[in-house]
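Please look over the sequence and the model below, and read the report that follows alongside them.

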Amino acid sequence: FEEAAAHFARALHLATAAASVDAGRVTELWLKRGEAANRAAQAGEATEAFERALALARAHGAATQAARAAIGLCGVGATWAQYGRHDVA
């Protein structure tokens, strides 16, 4: 999953550098990046990716993608065990 997360990071770089940026596609890449990072036990990267996806989805009115990002945020760390973790917010 680490390799997949790295591929999604590169895809995001290329997608955002393009002349015309498709917000839906970029949001989808952030969602996929978050999923891969979460499965790779990269909680910080997963949280950042889902937060960016949520912000983009809200900005362009994509309710389904916003819901997926919110669910992703709730599930960070759920696919691997990290005992003693707590949310300070």
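Among contacts in the chain (heavy atoms within 4.5 Å) between residues at least 6 apart in sequence, 54% join residues at least 24 apart. This is a predicted model, in which local features need pLDDT of at least 70 and side-chain atom pairs count only at pLDDT 80 or more, while totals for chains, interfaces and linings use all residues. Residues are numbered from 1 along each chain as its sequence is written, and side-chain values use heavy atoms, with hydrogens and water left out.

The chain has four helices and zero strands, where helices (H or I, at least four residues) and strands (E, at least two) are DSSP runs numbered from the N terminus. Of its 89 residues, 33% count as buried, that is, under 20% relative accessible area with a 1.4 Å probe, protein chains only. The chain exposes about 5600 Å², and carbon and sulfur atoms supply 56% of that area.

Helix 2 and helix 4 pack at an angle of about 20 degrees, with their axes 10 Å apart. That makes helix 2 roughly parallel to helix 4, a term for angles under 35 degrees. The residues that meet are set out here.

| Helix | Residues of the helix | Residues in the contact |
|---|---|---|
| Helix 2 | residues 23-39 | G24, T27, E28, L31 and E35 |
| Helix 4 | residues 63-74 | Q65, R68 and A69 |

By class, this contact of helix 2 with helix 4 has two nonpolar, three polar and three charged residues; Ala, Val, Leu, Ile, Met, Phe, Trp, Tyr, Cys and Pro count as nonpolar, Asp, Glu, Lys and Arg as charged, and the others, Gly among them, as polar.

How values were computed
Buried < 20%, exposed > 50% of the residue type's maximum accessible area, 1.4 Å probe, protein only. Areas by Shrake-Rupley, 256 points an atom, 1.4 Å probe, with all protein chains shown as cover. Axes fitted to C-alpha atoms, helices over the stretch in contact; angles between N-to-C directions. Parallel < 35°, antiparallel > 145°, perpendicular 65-115°, else oblique.
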